[in-house]
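The following report examines one protein chain together with its ligand. Please consult the sequence and the structure while reading.

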Amino acid sequence: MGKSDVDVRPAAAAEAVAKHEPPPSPATSPATPAGTTDERLHEVDVVVDRAAEAARAFRLLDQQQVDAIVAAMARAGIRAAAELATLAIEETGFGVFEDKVVKNYVATEFLSDYLRDKRSVGVIEEDVERNIVRVAEPIGVLLAITPVTNPTSTVLYKAIVAAKTRNAIIFRPSPYAIRSCERSVAVLREAAEAVGMPLGALQVVPDAAHDVTHYLFKHPGVDFIWVTGGPKIVALANAAGKPGLSVGPGNAPTYIHHTADIPGAVVDILISKTFDASVICPAEQTCIVDDEVYDEVQDEFLRMGAHLLTGEQVGQLVQFAFGDGDKVNMAALGQPAAELAARSGFSVPPLTKILLAPLPADLEQLASHPLLQEKLMPVLGLVRSPDVPHAVQVAVLVTEHGGLGHTSAVYARDAAVVDLFAASVRTGRILVNAPTAVGALGGVYNNLTPTFSLGCGTWGGSVTTENVNYEQLLNIKTVSHRRTPSQWFRVPSNTFFNAGALDNLRDLDCEVAVVVTDAANEARGVTDMVRSKLRTSHVHVFSEVVPEPDEETIRRGVAMLEKTQPDLLVAVGGGSVLDAAKAMRLFFEHPDRRLEDLTVPFLDPRKRMADFPREPHTVRLVAVPTTSGTGSEVSPAAVVTVGERKETLVDYCLVPDVAIVDPLLTLSMPESVTLDSGIDALTHALEAVVSIFASPYTDAFCVQAARLIFDALPRVLDDPADLAARTDMANAATLAGLAFSNAFVGTNHALAHAVGARFHIAHGRANGVFLPLVLRYNAELPTKFMPAPGYSAYIAPQKYAQLGRVVFGGSDPAESRRRLFEGVEALLDRLGMPRSLQELGVDEQEFEQALPTLAMTAFQDLSNRTNPRMPLLKEIVELLRTGFVGGRVDAH
Ligand SMILES: NC(=O)c1ccc[n+]([C@@H]2O[C@H](COP(=O)([O-])OP(=O)(O)OC[C@H]3O[C@@H](n4cnc5c(N)ncnc54)[C@H](O)[C@@H]3O)[C@@H](O)[C@H]2O)c1
Ligand SMILES: [Fe+2]
């Protein structure tokens with residue numbers, strides 16, 4: 001697991017293999033690398049074939065059978081822990097027997113405890129809330145490379161994890177630990193096969209030839225390469241072009257901050273650094289100590305049995321262990337401290353635990369020191385650090401010398417120091433107040449997942465920084481069931497309607513009221529009417545609203561509210577006034593919000609970025625419409641003109657608290673305003689009814705609104721003083737408003753917004769030009785459907801038919817739809833509404849010039865999001881062109 005694996009064996013393997021790069025072969029067997037007999041490779045093919053067959057059989061086993069196999073393997077491994085430890089020492093010539101036993105226990109007992117309740121077969125997770133099911137499948141045939149440092153524990157661990165995941169596994173052990181691997185496998189296989197593990201699921205290819213390793217790397221029968229080794233074998237495995245998981249070497253720094261528990265830290269590090277004589281990749285390699293406690297820490301180390309190396313001894317050690325270029329001397333690995341000293345040419349007391357090597361604090365000198373690298377021997381570098389930033393820099397430097405992605409540790413009571421260390425060091429594991437060697441394996445000093453495969457992240461050539469376990473050895477399929485989000489129907493808390501409804505103002509408690517209106521309404525005496533009905537005498541008036549109100553007007557309004565500090569706003573007027581009042585309340589209550597942040601476009605209102613306030617209102621808003629069209633008195637929208645553009649604020653926090661729909665106030669509307677706003681209301685109903693957000697709730701409102709408008713609007717035209725007709729229109733506009741407040745509108749509005757702003761055409765009038773065209777457009781078979789989970793079958797034509805049947809009758813859906821479309825045509829004609837932009841006085845040349853921009857503006861309009869079919873840009877151009885010359889609805 002340490003770098004030594006590479007330097008000692010896999011490095012050589014890497015070089016050998018690099019020289020014999022076989023040509024890529026898509027055939028069932030890879031091409032024969034030079035230097036290896038066909039016969040030997042044929043034997044390897046047989047091993048792989050058996051593994052593949054076993055994998056197929058393994059896939060048929062259920063969770064219970066798999067868990068029985070895992071349990072049998074773990075039990076056998078535990079019983080053989082000491083035997084395997086003995087063999088490992090005997091074969092590799094290094095390490096500590098007692099610690100190798102511990103490693104074998106971690107690889108069996110700890111692992112099986114961790115795996116006990118884990119699901120690894122079939123459905124392993126059901127997320128009912130998100131409607132997602134996860135199904136685990138095996139990978140197939142794993143090729144495992146195992147290191148000389150943990151020659152039995154890594155084999156036990158990988159074999160058990162492979163069984164848990166129903167994968168067949170082929171081991172390629174370190175050439176220095178073949179017997180250890182073979183014996184471990186034999187112990188496990190016997191136990192596992194006795195309880196049903198398929199034959200061939202657990203095999204060893206003991207051949208030391210590097211060509212064979214490379215042959216296996218490229219073998220088409222091998223599905224996954226799982227390497228534990230040094231950087232060269234990791235790079236080689238990653239270059240094999242197969243999925244894999246490679247974990248590389250470590251070079252763990254550990255930092256003792258002056259707030260640490262020093263005696264505790266020293267014992268921890270001694271436990272860890274002597275563990276298996278340090279032949280384990282997460283072991284501490286360099287200890288950084290704050291200047292103010294350096295002497296104390298060093299004394300404590302010495303008191304506990306460490307030996308401080310002299311400069312000369314450091315030189316001898318370096319010469320012995322690292323004297324031979326970049327290769328580590330095998331004889332230096334994993335020996336007791338006294339033995340290592342003796343082999344290096346000096347002597348220390350026989351029971352010495354570790355050798356401390358003082359290293360320079362200067363970063364440049366430190367970077368070139370031979371003992372900065374990983375030392376798989378009981379040798380610990382010591383660096384004196386003047387401050388925390390320096391200590392962190394040293395830790396980073398250490399990891400950059402072969403330990404990126406692996407492990408580091410910090411001892412401190414100061415949480416800020418731990419946070420800084422964790423944020424700065426690029427290692428997959430950062431252990432706090434715990435030893436690294438035993439700690440990183442998981443389950444002993446912490447809740448890390450037990451493993452012998454420590455992911456080193458992309459820094460170390462791995463796809464993960466996790467402690468690798470069964471989850472990374474599965475193909476997990478996500479079965480994602482269709483999810484239709486819930487919908488809503490939100491309305492103001494109170495709506496009062498019919499003639500005289502304005503009297504309800506008398507019931508409102510308030511101290512200070514502000515009436516928001518425009519000059520025309522004030523001139524008509526509307527303000528006085530309101531004032532006379534309010535309970536308070538503190539009534540202020542803001543009558544500066546202009547049609548299509550701009551940001552400046554809103555700002556002035558807010559300033560006025562700040563001065564008067566009202567608890568009630570009464571907005572009386574057309575859509576322009578109501579919208580202005582909604583925006584004024586928003587920015588008065590939340591001066592920190594910015595219009596531009598709240599009007600960010602969105603694809604899905606539930607996921608949008610605009611961050612509207614969620615707090616309850618401090619000011620109540622009463623909306624009293626004097627036109628019958630916009631529905632603004634109940635809607636969550638407010639349109640604000642910003643420079644040349646119209647921006648829409650949309651959020652339910654904008655909905656007025658009370659709507660008072662009193663038709664008496666609409667009697668004074670001039671004919672043009674009456675008709676334009678009436679057609680706007682009809683367009684709301686006919687767009688909301690086919691919207692992708694339409695629901696039975698909104699449909700009900702659309703149908704009734706349309707029925708009332710078709711009937712009442714001609715009557716109002718004939719007799720503007722007809723209160724019954726005015727009442728129907730007032731109610732219809734509010735009903736349509738309730739519908740589009742929840743279902744929203746569509747492409748008709750997108751076109752009207754663009755054209756209206758560009759050519760200064762009243763909103764309702766522009767809607768009227770496009771209404772017949774958009775009805776026909778939505779009733780056709782769409783070129784492109786709108787992706788919307790709540791709108792599956794394309795039902796816009798049926799929805800028109802349903803509404804048509806209620807309003808106009810008809811014996812079949814096509815007939816009802818035809819009657820509706822004809823009814824729209826007839827109404828527009830009866831009202832004398834302009835039927836084309838041309839008729840509205842738009843110049844042809846000007847129109848053609850504006851067309852590309854118009855089309856793009858309309859395309860980007862939010863209203864399109866809820867249209868039943870997705871309008872293509874070229875279709876929008878077409879609709880605009882037809883709107884220019886005027887078009888008639890075909891009978892459908
Ligand atoms: N918030 C929404 O949900 C929503 C929906 C659609 C449209 N709008 C917006 O509403 C505005 C259009 O509103 P509108 O159609 O009500 O027109 P409007 O408020 O702009 O009023 C048009 C004109 O009619 C006058 N007027 C209003 N009521 C009158 C009455 N009873 N008697 C005599 N004159 C009267 C006004 O003083 C104004 O001069 C646009 O800015 C549009 O973008 C908002
Ligand atoms: Fe509208």
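Where is the place of Thr618? Thr618 sits in the loop between helix H23 (595–598) and strand E20 (620–625).

## Confidence of the model

The protein has a mean pLDDT of 92, and 95% of its residues reach 70 or more. Residues 1–31, however, have a pLDDT below 50. This stretch has 83 contacts in the model beyond near neighbours in sequence. Where pLDDT is low, the predicted coordinates should not be read in detail.

## Domains and annotated regions

Four domains divide the protein: domain 1 (60–242), domain 2 (252–449), domain 3 (490–667) and domain 4 (669–892). Between the C-alpha centres of domain 2 and domain 4 there is a distance of 76 Å.

The record assigns "domain: Aldehyde dehydrogenase" to residues 39–308. Over residues 674–882 the chain is 71% helix and 0% strand, and its end C-alpha atoms are 26 Å apart.

Ligand 1 has 28 residues around it, of which Gly574, Gly575, Ser576, Ser632 and Ser635 come nearest. By residue class, the shell around ligand 1 comprises 9 nonpolar, 16 polar and 3 charged residues.

Domain 3 (490–667) and domain 4 (669–892) each contribute at least three residues to this shell. At the level of secondary structure, at least two residues each come from helix H19 (519–523), helix H22 (575–589), strand E21 (637–642) and helix H24. Helix H22 gives the most, with 4 residues.

## Exposed and partly exposed loop positions

Thr618 is exposed, because 11 other C-beta atoms lie within 10 Å, and a residue counts as exposed at 12 or fewer. Thr310 occupies the loop between strand E10 (306–308) and helix H13 (311–322). Thr310 is also exposed, with 12 other C-beta atoms within 10 Å. Thr310 and Ser628 are 318 residues apart in sequence, and their C-alpha atoms are 96 Å apart in space.

Leu664 belongs to the loop between strand E23 (658–661) and helix H24 (671–688). Leu664 counts as partly exposed because it has 17 C-beta neighbours inside 10 Å, a number between the exposed limit of 12 or fewer and the buried limit of 20 or more. Leaving aside residues up to four places away in sequence, Leu664 touches Ala499 and Gly500. From Leu664 to Asn447 the C-alpha distance is 73 Å, at a sequence separation of 217 residues.

## A buried helical position

Is Ala321 buried or exposed? Ala321, which lies in helix H13, counts as buried, with 24 C-beta neighbours inside 10 Å. Its contacts, not counting residues up to four places away in sequence, are Val328, Asn329, Ala332 and Met377. Ala321 and Ser344 are 23 residues apart along the chain, and a distance of 7.8 Å separates their C-alpha atoms.

Most residues other than glycine have a negative phi. Asp276 has a positive phi, near 50°, in a residue other than glycine. Asp276 is located in the loop between helix H11 (262–274) and strand E9 (284–290). With 27 other C-beta atoms within 10 Å, Asp276 is buried.

Which phi value does Phe744 have? The phi of Phe744 is positive, about 65°, although Phe744 is not a glycine. Phe744 lies in the loop between helix H26 (723–743) and helix H27 (747–759). Phe744 is buried, with 26 other C-beta atoms within 10 Å.

Notes: Residues are numbered from 1 along each chain as its sequence is written. Chains are lettered from A and ligands numbered from 1 in the order in which they are written. This is a predicted model: local features need pLDDT of at least 70, side-chain atom pairs count only at pLDDT 80 or more; totals for chains, interfaces and linings use all residues. pLDDT is the predictor's confidence in each residue, from 0 to 100. Two residues are in contact if their C-beta atoms, placed from the backbone, lie within 7 Å. A residue is near a molecule or strand if its C-beta atom, placed from the backbone, lies within 6 Å of it. Ala, Val, Leu, Ile, Met, Phe, Trp, Tyr, Cys and Pro count as nonpolar, Asp, Glu, Lys and Arg as charged, and the others, Gly among them, as polar. Domain bounds come from an automatic or database domain assignment. UniProt positions are given in the numbering used here, feature names are shortened, and annotations may be inferred rather than shown by experiment.
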